[in-house]
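The sequence and structure come first.

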Amino acid sequence: MTDKARVSLIVNGERVDREVERGRSLLRFLREELGLVGAKDGCGKGQCGACTVLVDGRPRRSCLLKAERLSGSRILTIEGLSGPEGMHPIQSAFVREGAVQCGFCTPGMIMATKALLDRVADPSEAEIAAALRDNLCRCTGYAAIKRAVRSAAAELGAASAAASSALRGPAPRPEELGRGAFGASVPRKDAPAKVLGKPIYAMDVADLRARAEAEAERPLFGKMLFSERAHARIRSIDTSKAEAAEGVARVLTARDLPGLNAFGLFVPQQPVFADREALYLGEVLAVALAETLEQAEAARNLIEVDYEDLPILDSAEENLREGSPLLHPGTKDNIVHETHVRKGLYASEDGAAAAFSHAAVVVEGEYETQAVEHAYLETESCLALPDGDGGVTVMTGNQGSEDYRSMIARSLALGADKVRVVLTACGGGFGGKEEPTVQIQAALGAVLCRRPVRISLTREESIRTSTKRHPMRIRMRHAASSEGKILAVESRVVADAGAYISQTVPVVFRSAVTAAGPYEVESVRADSYGVYTHRNPSGAFRGFGSTQASFACEAQMDRIARALGLEAAELRRRNALAPGLRTSTGQVLDEGAAYLGTLEAAAEALSRMRAELASSAPGRALGFGLASSYKNVGIGTGLADGAGAIVGIEAEGRILVRVGAADMGQGSDTVAAQIAAEALGLPYRLVDVLACDTRSCPDGGMTTASRQTYVTGNAVKMAAEALRSALSSVFPPEDRLRELDAAGLRGLRDRALAAGLGVSAEGRYLPPRTFAHRTSAALESGESDSALDIHYAYCFASAAVAVEVDPETGIARALRLCLAQDVGKAVNPMSVAGQIEGAAAMGLGYALSENFAAADRGLLTDDLRKLGVPRIGDIPPIEAIIVESPQPGGPYGAKGMGEVGLNPVAPAISNAIFDALGVRLRSLPMTPDKVLAAIRAPREGEGAAKFEEEPGDAR
Ligand code: FES
Ligand code: FES
């Protein structure tokens, strides 16, 4: 019996007759056989909707359909939606409303929307949610997507569909903006390609490359073998059977690596290939390279590993104890990093007693946060291409091409000039793509086999090997005066760092320095420890340690307010950090610190929610909660934190801005284009951005710590101003700039060259000096305040939430969520609102449903559903409030803002659940079983310790 079948379909209006492998999914058929790569593979098992296409007019997840069964069907993909006249109204609505961030979900969302609007001209909120229930988005919080659906419905003729976003106000003529481009809600630079389903992601490039005529041009498929043990000695890895299998080109292991068998952004520690010991379940042992995916998979399954099981040490608390067995021999203990903060009375040993002696209220509690998967919709993927001269080009989504380049070069023992890393579109990162996962191995395979090599992880593989948010156990004690002044805060954090260092150092650091929250507190003692365990390495994740600390701190604040009989906002108001006040580390804040603006906005929203939601549904309890948070902008602490930019006029009459800031969906390309347009005074529509190609872009450092708007934004401004100044003798007058078109730019370029002037300029920006953190927040004699500047800027956020809880089932549901955020000046209000809404949704998942869990021999949460990633129906109406207060030193007053919005959501929900039920949830996520346990636990005595409210000690 043949393993192929004939299939005859109409695809985007064209007849297709093909032989197809039996069992081949429609998704793979479209992408690999027809080169239609608009439909994306985000999970391969029907859980994300990124692969949605229309089959006979109905939205279907193409990864679940077998191509051979579809003969006679009419298929419509994203590529078939636009016509010669341009984008379909749904596509243009997604661009206009800012519904596109990383864009990986976008084609699927648009196709599901098409099916909805074909059926229902003017859909209700519930109908939109039902139609998009199978489609996940990790970036937008679904808010802009809902707006886009309504906007498209309006454009397609539904009279009542409300189309415009309240945030944007009357539409400017954004494409024409020159000076004035800054601060306008212009469409994102990357959105058109994303809504059209263009081949822009690494997977797309690889799939198209696989259609090359010549075999040598076609990439080999790589399949990774991961450890089956969380901790084991590796006695041997036998690859002989795999090497002899059909189609196999090579099987890579540690012995093939000519350079350093270790990588890591902070310290090169994690093996590229584990060869002696496996320290967690995602450890890469080998990679099979073969002509087809199936052959690579089959070969991978033939690799034999002889393990000797070793004890699994998965408790950070126990591994912290003195005398615990060491996870990394040669270290003195299992502590990856520790940070200590001492302020005020804690300068002396007996500070604790003194700090608490005058307290009217003392509140103490223990809190627990979980491991969380980033769940970017694009799994780790790359295409490595040998250059014929021993070098290699690696095309991949990432958060910092230069760091990838140096790690690849170091492991392959190549000069940095032999390695080029090209950023493709990146389908989400959130911190999880700061370190390589598949890129070093693919580059090695390409160099050794002299063939292109592609590796794309399945969703299960991605979850298995990637870093997670640090789970933390946090103990806090607060002392407050009867007037509601926080007198002292003590914090002790034990963070599970997992098997390797990854980004534990800065995460643990931030959990300590932000432990006291956005408040001026006289006396602070914070001790944070990151500890090795045999679990996934914990790494960077939006919020970076301040997220976990906020959960504990803001529950404590709620308890203090209740003990004192103060409104939640009033207690915070009395302690709020503001310009001129000192943080826990002694830094004096500058004029950019707009915490109070966020607090007042959230407090006002809370009052509105209380008025509008006066009573709960029968049998449900209604509660309202408020919380705040702050974190740093930029790396700071005296470390390298600069960025570069090059702005030039291209021969075809366009401005090209080259930067080293990776746009993983947050919109940094658009920020760069807006700043360049503003500084040059030229129309935004004439500006293009090229980011993170190590051959032609300057280094911008890692896209992390909310730093790129500030540092790369300043570099772009410098470069654009330098270019304009250099061309001043030939530059058109101000009043003619907005009308300039490509021909005009070409003329400007010609005039400049004729005058012997350069047509590009470079900016290299170094942010204000910062200093390494030291334990004591006190100045030493002769020092000025700036000696305690560990960061050059901070950002703040406050959340208000209304929650409904069903005491029978324990299900807590957010009914409304308002998030107010301090952003300096909003470069692009629509994009800024999108970041706030996305952070709000991620915060909701963190609060109520998301968790990553592994057992000793396998994952417990190996897919998107089990991870609890929120769907459209889980997200309530989100009100995003932008609080503006120009940041000194920021480009036109802007600063980074992508992370902090996530932080106050979980504590606001915990506070709202207490408001509703009188029980305090101290462990994340606040799942129904935990809510029920809290309700049912006796309120006093043993067994109640974890979840029971501990009333403040009124003295
Ligand atoms: S790839 Fe088909 S649903 Fe995720
Ligand atoms: S824009 Fe939806 S997943 Fe990124």
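Helix H3 is mostly covered, with 12 of its 14 residues buried (buried means under 20% relative accessible area, exposed over 50%, partly exposed in between, with a 1.4 Å probe and protein chains only). The model is predicted: local features need pLDDT of at least 70, side-chain atom pairs count only at pLDDT 80 or more, and totals for chains, interfaces and linings use all residues. Residues are numbered from 1 along each chain as its sequence is written, and side-chain values use heavy atoms, leaving out hydrogens and water.

**Helix H3**
- H3 spans residues 106–119 and reaches 20 Å from its first C-alpha to its last, close to the 20 Å expected at 1.5 Å a residue (1.5 Å times one less than the number of residues).
- Helices are DSSP runs of H or I with at least four residues, strands are E runs with at least two, and both are numbered from the N terminus.
- Among the buried residues of H3 are Met109, Ile110, Met111 and Lys114.

**Salt bridges**
- The structure holds 75 salt bridges (a side-chain nitrogen of Lys or Arg within 4 Å of a carboxyl oxygen of Asp or Glu).
- Lys895 forms a salt bridge with Asp822, the closest N and O atoms being 2.9 Å apart.
- Lys895 lies in the loop between strand E28 and helix H25 and Asp822 in strand E27, so the pair ties together parts 73 residues apart in sequence.
- Lys895 is buried at 2% relative accessibility, and Asp822 is buried at 0%.
- Arg774 and Glu783 meet in a salt bridge at 2.5 Å, N to O; Arg774 is partly exposed at 24%, and Glu783 is partly exposed at 27%.
- A network of salt bridges links Glu317, Glu364, Glu366, Glu368, Arg473 and Arg475.

Note on methods: Chains are lettered from A and ligands numbered from 1 in the order in which they are written.
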